[in-house]
Amino acid sequence: MSDKRTEILEVIATRRSVRAFTGGAVSRDDLMAILKAGMAAPSAVNVQPWAFVAVTKRETMDALCAALPYAKMLDKAGAAIVVCGLPHKDTQYAERYWMMDCSAATENILLATHALGYGAVWTAVYADMGLVKVVRKILSIPEDVIPLNVIPIGVPADNEPPIDKWRPENVRWEKW
Ligand SMILES: Cc1cc2nc3c(=O)[nH]c(=O)nc-3n(C[C@H](O)[C@H](O)[C@H](O)COP(=O)(O)O)c2cc1C
C-alpha cells in the first residue's frame, strides 16, 4: 500500500474525541485547512446545505462555554467551528438531507483537525432546540439556519488512546 493511503487510514484509526486542551493557539492557516476539509465533504446532489461559523475570539468562546453544558472544554480551546445546516438552500434535497450532509462535513473537520495535530470533539447543539436558540443568539445566526454542533479545537492536553470500535460481528457479508 502506498504511504499516502496508509497515512489516511492511520488518521482515521487514531482520531478520538479530545475534551482537554492546553490553551495553545490554532493557527489561521490550519483553521482554513480544516474548514476546506469540511467543505470537501459529500452532500446529497451536491447541494452543500451548510455554513461554518469559525470562532477565534476568546470572548465568543467564553460565551458559548457558559451557555452550553456539553462544551465546557471551550475554556481552553484555541478555536471552534460551528457547523450549520441550511435546510432551505434548495426546494428538494436540503430539507431532507442537511443533517447527513453536515455530519459528513463534521467528520471531515474532525479528521483534518487530528491530521494537523490538534484535538477536537463534536458537542451537540441540534436537536436540543433550547441550545439551538442560545447558539443562534450568541453568533447572530439567522432563524432559518440550524447550528448542528459546536466543535472546540485545540492543542490536546492528554494522550488518551482512541477507542477500538472494530467489531467483526457488526459486518454481514453478502446478506444480513
Ligand atoms: C451526534 C453526536 C453528538 C455528540 N455530542 C457530544 C457532546 O455533546 N459532548 C461530548 O463530549 N461528545 C459528544 N460527542 C462525541 C462522542 O461522545 C464520541 O464520538 C464517542 O464517545 C466516541 O468517542 P471517539 O470520538 O473518541 O471515538 C458526540 C458525537 C456525535 C456523533
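Here are some friendly questions and answers about how features of this structure get their labels.

This is a predicted model, in which local features need pLDDT of at least 70, side-chain atom pairs count only at pLDDT 80 or more, and totals for chains, interfaces and linings use all residues. Residues are numbered from 1 along each chain as its sequence is written.

Q: What makes a residue part of the group around the ligand, and which residues are they?
A: A residue is near a molecule if its C-beta atom, placed from the backbone, lies within 6 Å of it. The residues around the ligand are R16, S17, R19, Y70, V121, W122, T123, A124 and I163.

Q: How does the shell around the ligand divide by class?
A: Ala, Val, Leu, Ile, Met, Phe, Trp, Tyr, Cys and Pro count as nonpolar, Asp, Glu, Lys and Arg as charged, and the others, Gly among them, as polar. On that basis the shell has five nonpolar, two polar and two charged residues.

Q: Why is α1 called roughly perpendicular to α4?
A: The axes of the two helices, α1 and α4, come within 9 Å and cross at roughly 105°. Axes are lines fitted to C-alpha atoms, for helices over the stretch in contact, with angles from 0 to 180 degrees between N-to-C directions. Angles under 35 degrees count as roughly parallel, over 145 as roughly antiparallel, 65 to 115 as roughly perpendicular and the rest as oblique, so α1 is roughly perpendicular to α4.

Q: Is Y93 buried, exposed or partly exposed, and why?
A: A residue is buried if 20 or more other C-beta atoms, placed from the backbone, lie within 10 Å of its own, exposed if 12 or fewer, and partly exposed in between. Y93 has 17, so Y93 is partly exposed. Y93 lies in the loop between β2 and α4.

Q: Why does V171 get its label?
A: V171 has 7 C-beta neighbours inside 10 Å, so V171 counts as exposed. V171 is found in the segment after β5.

Technical notes
Helix = DSSP H or I, 4+ residues; strand = E, 2+ residues; numbered from the N terminus.
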